[in-house]
Amino acid sequence: MATNPFHLAWFLQGSSVQAWGEPWTGHIGTTWEQPELFLDMARSLERACFDYILLEDSSYVGESFGGSTEIYLKKAIAVPRQDPSVVAALMTQVTSRIGIVPTFGTYAYHPYLLARLMATLDQVSAGRAGWNAVTGSSDFAAMNFGMPGMPEHDLRYDMADEYMDVVRGLWGSWEPGAIIADRKSGNLIDHTKVHGVNYAGKYFQTRGPLNSGPSPQGRPVIAQAGGSPRGRRFAAAHADTIVVNAKGIDAMRAYRDDVHKHMVAQGRKPSDCKVLYLINPILGETMEEALERKKKRESMAQANIQERLAHFGKVTNIDFGKFDLDKPLPDDVTTNGHQLNLEQFRALANGRSIRKTMASFNAVDLSIDLCGTCDSVAARMGEVMQEVGGDGFLFSMPNVNRRTLAEIEDGLVPALQDRGLVRKAYEHKQFRDNLLAY
């Protein structure tokens, strides 16, 4: 058993119709504009003492399969997607402890706008806001913001390093204690503790200070998902928590060790960043029921190869619709998008056709296979975390509905708590403090 409890979070893939077409989600087709399901999710996961909910996002309609938006619109593949800042703000108002982490791209927001937005979210949540910092990957998204396309992969991270310098400067433009609220003098702010930033870099410039006032946490929690070598260096430099989909225990441990190495090289303590691994547990009252559920989910994945390729093409910027699916992916195909995804696909292919590779490309197990009763899955999670060394798991389940949320809150989490593997109550009021509690 792990010496310390580990952390739990939820990776919400879009905050509108993410679960369209899945079992027990029929209402979503007519009520997707209203966020009540996701507000219920926030309440449920807070009762289960999760560290945070990460609201994944993209800002375009996909057309990476066959050069058309058709399959994306018909099958609701990442569309419609509402602005995560609005849903995140609503989530903060129905909770009091869980961290809320919307996604914003450095290509889409000027640093001043982002710093102000996140400081405001941190204020209205009483210190529970986080930012999933992404550099972007799609030319279609870039075009929506007046750009001809995305900069080259590693250049995006160079730009993002400077971006982080700017927003940190803006968040630091208010010193602790700047708000004095002195009724006798009539002064709200000590003006000597608010400073301009006057940043002029290679890619960004801003004057400052922020006019929104200070962030309760000093700065919001930073989440990141660096998978490529350059992405890992960026995450190691800036992130408080990292999202990882590493296949198997050896890969999970290797990723964490590599990020820790980069953190030490940059003068950071490895314990200051929590690495969480994506999982999709499949639960049943009995092992037989769980296995039957898994079999059905695998059958659904097998039957929807084109939809899966459309989704995979969206994150890799590859139009699989223009290839013969019964032949291997040509060797000269590269990506300016998510490089780790393409790398994993090629490693699995090993000369096989696109269709056969995608058929066996595991869309169910994610980092590790978790299938069984609540007790057996809880035990396995504890074993894996002990072997990997930390720091926790990030649930990424395709069928988000009140039934699956109840299975986690009232089934799996109590089984984890009984083993001392996760917290039974929040240690602190603010997000970063809970993340660093162990």
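Which residue lies over the face of tyrosine 60? The residue is lysine 314, found 4.2 Å from the centre of the ring. Keep in mind as you look around that this is a predicted model.

Let us stay with rings for a while. A pair of aromatic rings is described by two things, the distance between the centres and the angle between the planes. In this structure the count comes to 15 aromatic pairs.

Now turn to a pair of tryptophans. The ring centres of tryptophan 131 and tryptophan 171 lie 6.5 Å apart, with the planes at 75°, so the pair is edge-to-face. Here strand 4 (residues 130-134) supplies tryptophan 131 and helix 7 (residues 153-171) supplies tryptophan 171, so the pair ties together parts that are 40 residues apart in sequence. Tryptophan 131 counts as buried because its relative accessible area is 0%, under the 20% cut-off. Tryptophan 171 is buried too, with a relative accessible area of 4%.

Next, look for the spaces in the structure. How many cavities of 30 Å³ or more does a search of the whole structure find? The search finds 1. The largest cavity holds about 30 Å³ of space. Around it you can find Phe6, His7, Leu8, Cys49, Asp51, Val422, Arg423 and Tyr438. Sorted by class, this lining has 5 nonpolar, 1 polar and 2 charged residues.

Finally, visit the second largest pocket, with about 330 Å³ of space. Its lining is made of 16 residues, and Pro23, Arg293, Arg297, Asn399 and Thr404 are the ones nearest its centre. Which elements each supply at least two residues of this lining? They are strand 12 (282-283), helix 10 (287-303) and helix 15 (402-418). Helix 10 gives the largest share, 4 residues. By class, the lining of this pocket divides into 7 nonpolar, 4 polar and 5 charged residues.

Notes. Residues are numbered from 1 along each chain as its sequence is written. This is a predicted model: local features need pLDDT of at least 70, side-chain atom pairs count only at pLDDT 80 or more; totals for chains, interfaces and linings use all residues. Side-chain values use heavy atoms; hydrogens and water are left out. On a 1 Å grid over the protein atoms alone, a cavity is a set of points where a 1.4 Å probe fits but cannot get out, and a pocket is an open set with protein on both sides within 12 Å along at least five of seven lines; lining residues have an atom within 4 Å of a point. Grid points are joined across faces, edges and corners, and a volume is the space filled by probe spheres set on the points. Ala, Val, Leu, Ile, Met, Phe, Trp, Tyr, Cys and Pro count as nonpolar, Asp, Glu, Lys and Arg as charged, and the others, Gly among them, as polar. Rings of Phe, Tyr and Trp (its six-membered ring) pair if their centres lie within 6.5 Å; planes under 30 degrees apart count as stacked, over 60 as edge-to-face and the rest as tilted. Buried means under 20% relative accessible area, exposed over 50%, partly exposed in between (1.4 Å probe, protein chains only). A charge sits over a ring if NZ of Lys or CZ of Arg is within 6 Å of the ring centre and within 35 degrees of the ring normal.
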